[in-house]
Amino acid sequence: MLTSSPYVVGRAEELRVLLDGLIDARRRMGRAVFVGGEAGIGKTRLTADCAYRAVADGMAVLRGRGSSAGAPVPFRPIAEALLSLFRVSGPPQDPALAPYRSALAALVPDWRGEQRPAAPPSLTDIAEALLRLLGAVGRADPDRPPRGCLLIVEDLHEADAETLAVLDYVIDNLDGLPVLLVATLRQHPGPALDLALDTAARRQARRLDLHPLDDSQTAELAAACLSAAPGALPAAVAERVVRDAGGNPFVIEELLTGMVTAGALRRDPERGWEVFGDLGIEVPTTVVRSVVQRAARIDPAGREMLNVAAVLGRRFALPVLQLVTGLDDRSLLIHLRAGIDARLLSPSGPVADRYEFRHAMVADALLADLLPAERAAIARRAAGEVERAYPGLPGEWRQLVAVLRQAAGEPEAAARLFAEAAEEARQSGATESAVALLERALELVGGDGAATAAASAIREQLVHALADSGRFDQARDLARTLPLGGPAALGDDRTAALHLRLARAAATAGRLADAAEQTALVRTLLGPAAGPERTCALEVVEAHLALAGVGSAAPDSGLPEGGVAEGELRTAAAERLARRAAERAEAAGLTEVACQAWQLLALLERRKGFDRADACLRRLLDLAARHRLPGWQVDAQLRLGVNEFMRIGESVQLERAHRAAVDLGALDLVRSAEATLAMHAVLRGDYARARTLTDQGLEASARLRNVDHHHFLLLTRAMVAAHQGRRTEMADVLAEFDRWDGADSLQLPLAHGNCRAVCALLEEDRALALAEFDLARRWEARHPSVFYLNGAHGLYPLLRALAGAESAEEHARTAADHAATLAWNRQFERLAHAVHLGRAGQAGAAAEAVAEAARAARPFEMARHLGLRLVAEAALADGWGEPVLWLRSAEEYFHRAGVPAVGAACRRLLREAGASVPQRRTGTEQVPEPLRGRRVTVREYEVVLLVAQRLGNQEIAARLSISPRTVEKHVASLLEKADQPNRAALANWAARVTSP
């Protein structure tokens with residue numbers, strides 16, 4: 001008889017925590033719990049009980065386990081968990097997950113389909129994809145309460161570094177999701193325990209440490225294992241179990257199994273359990289002895305099968321086991337059944353041909369009973385059989401054979417296989433696993449001090465892997481240990497390639513000084529006679545450094561020395577290097593390098609015109625299409641779409657590129673496209689769509705810590721508020737931008753030109769708007785910029801023309817700049833031109849310039865009406881055009897948009913022109929329902945909007961073209977209607993009731 005308890009004993013509090021977690025998951029209060037403890041303490045049994053309750057409550061349950069094969073297999077626990085739920089149904093079909101399919105395919109390659117990703121997804125992309133998948137699984141039907149999702153990851157201490165990184169990200173972002181994550185681990189030092197400790201310290205997870213059972217719980221569990229009533233066991237049995245098991249449930253079961261198997265403990269149908277013989281089994285060898293004794297009762301072929309399985313690892317595949325043992329199907333199944341009946345084996349997870357030992361201690365016990373020579377012989381035979389059965393060793397077979405070769409005493413062969421597995425992991429984006437595999441390979445060939453060609457090759461690989469994983473300092477320090485001469489030296493070309501990789505890594509990380517140091521070293525290694533095919537990749541890096549003002553230009557760059565702004569000098573240097581690199585790379589057949597160079601050139605060529613920039617992008621697109629590089633194709637399409645949007649204000653190509661990025665699963669490109677579409681929506685006046693896109697993007701970019709992208713989205717969100725005249729909301733978003741180190745962002749001019757300046761214009765404060773534009777212009781004079789929508793070529797010249805601060809000749813120079821032809825700029829530049837023409841008495845030409853502005857402004861509703869309000873003032877003063885018609889159109893728009901200052905200014909100018917003025921005070925449709933319920937009038941609502949911005953009576957009076965005394969009366973009336981005690985309280989109330 002074999003013993004096991006039908007229920008969990010002594011874990012009531014721990015089980016309550018897990019069950020509370022299930023309830024919270026169904027309430028969208030996601031959490032993570034780490035269950036820790038020694039081997040056999042009951043971690044798996046506790047999580048199994050939790051899983052049973054989850055299934056009973058209709059929750060989705062996903063379950064995976066860390067690999068015990070001895071080498072990391074990237075993402076294996078997560079992949080197994082996903083397959084445990086989706087093996088039959090296939091990949092999830094939720095449309096919201098479409099952009100993440102390629103990232104999910106990194107976890108389950110069978111989900112990739114026919115489309116191949118442009119590049120391996122980043123760890124954060126994979127983590128974000130898993131997070132969204134878990135949320136979708138837990139929600140199931142969006143119109144019903146969430147059913148909840150339970151993700152269990154067992155043996156986390158055996159998980160790979162990528163799995164730990166993904167889980168760290170997921171744990172930090174569970175709040176608000178219908179997900180409970182439970183992970184089990186042993187509490188010995190290591191990355192898994194560090195993750196548990198760190199997330200618990202951040203209060204993102206809870207730890208449950210399982211301690212040994214006390215004496216009474218031990219006795220209760222022993223009775224339950226033998227289906228005996230509490231207290232019905234013979235006292236000698238209870239005493240022995242309490243004394244020898246140490247409160248460990250697995251050891252308790254093994255002790256009882258040993259007693260029953262040996263015949264020392266028997267059950268009489270009438271008298272119950274009785275002792276027959278000696279119960280004195282020695283500890284701690286009792287588990288080993290129990291396992292070995294049970295294995296010995298199986299026939300020799302079955303025992304050999306168990307030994308082979310133990311060498312293969314705690315978990316093993318039946319096809320491999322059959323190859324190594326030579327058993328036919330029937331014999332294999334008979335021996336498997338015998339192992340299961342002996343409580344040594346059990347099926348493993350959702351895969352039908354996978355089995356595992358019931359506990360890691362079982363496999364360890366069988367290995368301990370083998371002689372070292374026996375174990376090596378089995379490992380050698382198993383490695384050979386796997387190599388013959390799986391040519392090329394795809395997937396995880398290479399890691400398994402590497403472990404077997406190491407166990408067989410063949411370190412060189414094992415090191416080679418670990419290095420090959422590392423390169424495969426690195427190419428798939430699993431850089432941390434690549435590092436771990438290479439470190440293991442290096443140990444096998446002699447460690448850091450080894451001076452052999454094999455050791456140098458592994459160190460070379462390890463430098464690349466460390467650079468890929470963002471550990472620049474370690475990579476650089478390891479590169480310095482490589483011998484420069486002798487048989488172990490890499491040679492100048494390979495060493496140069498290694499330092500070029502370090503230069504790219506440093507530049508990507510923003511460590512420009514380090515990047516410059518590495519590029520200088522590469523130049524030295526290559527020497528002055530190096531051919532163009534060897535220097536073009538270096539020149540792309542040098543071009544980026546030149547743009548940032550770091551490093552030195554190539555010797556023949558031909559930079560002018562005088563009379564040119566610093567930013568222009570840097571941009572010119574970058575362009576020369578990038579163009580030379582592009583041409584040389586194409587000639588040398590280095591397509592990836594050529595794509596990098598043309599991409600940078602397209603950005604730099606904007607200085608000379610967007611047609612030239614588009615020509616670079618079309619060259620890039622053609623190159624990518626000919627060489628079947630889908631990622632670069634979509635990148636080129638996206639950039640062409642951005643340029644189209646800037647030139648004519650349309651987004652047809654941008655939308656098409658976005659769909660292509662989604663289909664490809666290129667998440668970086670998807671996010672970039674959506675951010676640009678959000679900006680486009682702001683400029684077109686579609687603020688609802690812009691708000692939706694920025695909300696989605698900001699949530700993801702904050703989680704991903706993508707600072708540059710987050711800056712752009714924050715500025716776009718600030719524009720949403722600024723372009724509606726909502727200063728308080730804009731200021732809040734810009735404060736968040738500052739908290740993300742926005743002062744160091746290359747996108748800072750947007751904050752001045754497209755946020756604060758535009759908001760000031762909607763408040764009728766031109767002096768403030770001009771001051772903000774001046775700040776943007778001064779910044780751009782010191783820094784290279786290819787983003788031309790900050791006002792310098794449109795709104796700023798218009799305001800200067802209206803103020804008489806710019807001559808017609810100065811404006812002609814502005815208009816000659818290609819940036820002035822971009823649609824957003826051209827609408828304002830043409831109006832500025834009209835102001836100059838009207839002032840010069842050329843009424844017909846001025847009116848035609850306004851018509852040209854109207855054609856450019858067609859996509860931009862708010863900007864079109866703002867321009868009409870501004871130019872109408874000059875037209876009234878100089879007697880040209882149709883200012884009354886323009887003012888009526890602008891007044892109607894800004895009245896509907898809830899921008900009282902501009903609407904009031906339009907009405908004031910209409911009165912000055914002697915035209916009839918709309919009586920807006922009689923309409924109530926613009927007043928929100930809650931305020932209408934308090935009898936707030938239209939004029940009072942206009943005052944409320946400005947009080948919310950904490951403006952004084954004088955400022956409100958100026959904006960609304962009424963007297964301060966009238967404002968004072970409105971404020972007094974509002975204090976009474978809003979039931980507020982003072983002006984400060986009224987401002988707070990106004991901010992609340994007018995917030996979007």
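Tutor: Begin with burial: a residue is buried under 20% relative accessible area, exposed over 50% and partly exposed in between, with a 1.4 Å probe and protein chains only. This is a predicted model, in which local features need pLDDT of at least 70 and side-chain atom pairs count only at pLDDT 80 or more, while totals for chains, interfaces and linings use all residues. Residues are numbered from 1 along each chain as its sequence is written, and side-chain values use heavy atoms, with hydrogens and water left out.

Student: Is Tyr893 buried or exposed?

Tutor: Tyr893 has a relative accessible area of 8%, so it is buried. Phe894 is buried too, at 1%.

Student: How is an aromatic pair read?

Tutor: Rings of Phe, Tyr and Trp (its six-membered ring) pair if their centres lie within 6.5 Å; planes under 30 degrees apart are stacked, over 60 edge-to-face, and the rest tilted. The count here is eight aromatic pairs. One of them joins Trp824 and Phe828, edge-to-face at 5.7 Å between centres and 80 degrees between planes.

Student: Why are Trp824 and Phe828 about one helical turn apart?

Tutor: Because they are four residues apart in helix H38 (residues 823–839); helices are DSSP runs of H or I with at least four residues, numbered from the N terminus. Trp824 is buried at 5% relative accessibility, and Phe828 at 2%. Ring pairs also bring in Phe860, giving a cluster with Trp824 and Phe828.

Conventions
Helix = DSSP H or I, 4+ residues; strand = E, 2+ residues; numbered from the N terminus.
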